[in-house]
Amino acid sequence: VSAYCVVDNDYAAGEYPAQTPLGNLQVTAAHEFLHASQFSYDVTEDGWFMEGTAVWVEDEVYDDLDDNHQYLATSALTKPHKSLDLSSYNFDSGDFMLQYGAWLFFRFAEEWLGSDPAIVKEMWQRADGSALQEYGDKFSLKAVASAASPHGSKFKTLFADFGAANYSPSLYYEEGAAYDAEGGPPVERTVTLSAGNPKIGWRSTTVAHLSNHYVLFNRGSGVD
């Protein structure tokens, strides 16, 4: 479908305190222009795919503004138990903001698969629903997985690596030191292994699809 963008006339600080008026205009223009581009591919894609890549591009175009960092609080970094691709969000629900936090996955995919932002363009090319489409009009997650494959990674491996990287972001992301300020993902369970303890036995948990839980193992006495 066709699209057009309308932006605020002055981005007054009283309404938009996060950046300077120019900074707010810049990140908004990048975000909304990508939405307009998405509409020309396929307007019916999932919200997490549309909003996640729109926030991602803000950082690509205006790297020094870091306005996207505000969405780390609703990303897999701090809410790993939430499914990445949930799309039926209510605007009155806090979970709605997880769509914006999905940008972190696209940042990881870019950096992990060769530091080339074209990977996100390839995802949208595979989601293309127009008459010019070349890849079968794949829907959201399948488009993402299809784009990762030529770069040497199956999606299940990419997502597992994403979960591992989010536990120590400063080691895996270009701007990971700033991500560390969020405190990292919550640990669901801590287990201490000691030579004198009785056998711990099996433990189980339920993990939603496209999510992660973290278990921390501590070394107790008598354990090398």
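The expected span of a helix is 1.5 Å times one less than its number of residues. Helices (H or I, at least four residues) and strands (E, at least two) are DSSP runs, numbered from the N terminus. The model is predicted: local features need pLDDT of at least 70, side-chain atom pairs count only at pLDDT 80 or more, and totals for chains, interfaces and linings use all residues. Residues are numbered from 1 along each chain as its sequence is written, and side-chain values use heavy atoms, with hydrogens and water left out.

The chain holds nine helices and two strands. From the N terminus, the order is α-α-α-α-α-α-α-α-α-β-β. The C-alpha trace spans about 70 × 45 × 35 Å along its principal axes.

Helix H2 has 15 residues, so at 1.5 Å a residue it should span 21 Å. Its end C-alpha atoms are 21 Å apart, which agrees. H2 is mostly covered, with 13 of its 15 residues buried.

In soluble globular proteins, nonpolar side chains tend to be buried together. A nonpolar core is a set of buried Ala, Val, Leu, Ile, Met, Phe, Trp, Tyr and Cys residues joined through side-chain atoms within 4.5 Å. The largest one here has 42 residues, and Phe105 and Phe106 have the most contacts inside it. Elements giving two or more residues to this core include helix H1 (21–42), helix H2 (47–61) and helix H4 (103–112). H2 gives the most, with seven residues. Contact means heavy atoms within 4.5 Å. Leaving out residues up to four places away in sequence, Phe105 touches Leu84, Val144, Phe155, Leu158, Phe159 and Phe162.

A cavity is a set of points where a 1.4 Å probe fits but cannot get out; a pocket is an open set with protein on both sides within 12 Å along at least five of seven lines. Lining residues have an atom within 4 Å of a point. Grid points are joined across faces, edges and corners, and a volume is the space filled by probe spheres set on the points. The largest cavity has a volume of about 110 Å³. Of its 16 lining residues, Ser75, Ala76, Lys82, Ser83 and Leu84 are the closest to its centre. The largest pocket has a volume of about 220 Å³. Its lining has 13 residues, and the closest to its centre are Val27, Thr28, Glu58, Asp67 and Tyr71. H1 supplies the largest share of this lining, five residues.

Methods:
On a 1 Å grid over the protein atoms alone, a cavity is a set of points where a 1.4 Å probe fits but cannot get out, and a pocket is an open set with protein on both sides within 12 Å along at least five of seven lines; lining residues have an atom within 4 Å of a point. Buried means under 20% relative accessible area, exposed over 50%, partly exposed in between (1.4 Å probe, protein chains only).
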